[in-house]
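Trainee: I would like to go through this structure residue by residue. Please show me the sequence and the model.

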Amino acid sequence: MPCALCGRESRGFGYCHALRWERHPHHRFCSMACLAAGSANARRNHGMIDKTDMETRAIFEARRALAAALTELGLMEPFFHRPAEDIDRVIEACVDGFRASMQRQSDAGDIPF
Ligand SMILES: [Zn+2]
């Protein structure tokens with residue numbers, strides 16, 4: 001089962017809104033960090049995780065990490081004057097590729113426990 005938030009393998013962290021298993025979905029997470037963020041979002045959202053809302057924010061917050069890596073590698077120059085949408089496209093491409101691979105591996109049962 002992939003983490004409801006980041007798509008990594010879930011590791012025994014779970015959340016079900018108000019523990020009403022028959023009413024709300026049981027979300028599984030990979031880590032305390034994803035559990036905290038995901039359950040906080042679900043509490044505000046009737047037990048559902050609004051992923052689009054979180055993803056938009058996560059991509060925005062990932063810009064800083066990308067900029068740090070680009071600066072470290074001396075690659076910041078070509079990105080510096082690009083609009084934010086271009087930066088987000090790079091981040092999304094990485095995230096989508098990562099997530100798709102995790103999903104494929106998870107579906108194939110390749111992930112060791
Ligand atoms: Zn996660």
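Trainee: Is Cys6 buried or exposed?
Mentor: This is a predicted model, in which local features need pLDDT of at least 70 and side-chain atom pairs count only at pLDDT 80 or more, while totals for chains, interfaces and linings use all residues. Residues are numbered from 1 along each chain as its sequence is written, and side-chain values use heavy atoms, with hydrogens and water left out. Buried means under 20% relative accessible area, exposed over 50%, and partly exposed in between, with a 1.4 Å probe and protein chains only. The relative accessibility of Cys6 is 18%, so Cys6 counts as buried.

Trainee: What is the relative accessible area of Cys3?
Mentor: Cys3 is another ligand of the zinc ion, along with Cys6. Cys3 is also buried, and its relative accessible area is 3%.

Trainee: Which residues coordinate the zinc ion?
Mentor: Donors are N, O and S atoms within 2.8 Å of the metal (3.2 Å for Na, K and Ca), and water is not among the atoms, so sites may look incomplete. Here the donors are SG atoms at 2.3 to 2.4 Å. Along the chain they follow the spacing C-x2-C-x23-C-x3-C. The residues are Cys3, Cys6, Cys30 and Cys34.

Trainee: What is the arrangement of the four donor atoms around the zinc ion?
Mentor: Four donors count as tetrahedral if all angles lie between 85 and 135 degrees. The angles here are 101 to 116°, so the arrangement is tetrahedral.

Trainee: Which backbone oxygen does the side chain of His24 reach?
Mentor: His24 sits in the loop between strand S1 (13-16) and strand S2 (26-29); helices (H or I, at least four residues) and strands (E, at least two) are DSSP runs numbered from the N terminus. His24 is buried at 13% relative accessibility. Apart from neighbours within four places in sequence, His24 is in contact (heavy atoms within 4.5 Å) with Cys16, His17, His46 and Gly47. At 3.4 Å, its side chain reaches the backbone oxygen of His46.

Trainee: Within what arc do the buried residues of H1 fall?
Mentor: Cys34, Leu35, Gly38, Ser39, Asn41 and Ala42 are buried in H1. The arc is taken from the directions from the helix axis to the C-beta atoms. Seen down the axis, these residues line one face of the helix, because they fall within an arc of 160°.

Trainee: What do the buried residues of H1 pack against?
Mentor: On the other side of H1, Met32, Ala33 and Arg44 are exposed. The buried residues pack against S1, S2 and helix H2 (51-72).

Trainee: How far does H4 reach from its first C-alpha to its last?
Mentor: H4 covers residues 84-107, which is 24 residues. The expected span of a helix is 1.5 Å times one less than its number of residues. For H4 the span is close to that expected, and it reaches 34 Å.

Trainee: Which helices do the buried residues of H4 pack against?
Mentor: The buried residues of H4 are Ile87, Asp88, Ile91 and Met102. They pack against H2 and helix H3 (76-80).

Trainee: In what order do the elements run?
Mentor: The protein has four helices and two strands. From the N terminus on, the order is β-β-α-α-α-α.

Notes:
Four donors count as tetrahedral if all angles lie between 85 and 135 degrees; four count as square planar and six as octahedral if opposite donors are over 155 degrees apart and all others between 65 and 115; anything else is irregular. A polar contact is a pair of N or O atoms within 3.5 Å; within protein, one must be able to donate a hydrogen and the other to accept it, and residues adjacent in sequence count only if both atoms are side-chain atoms.
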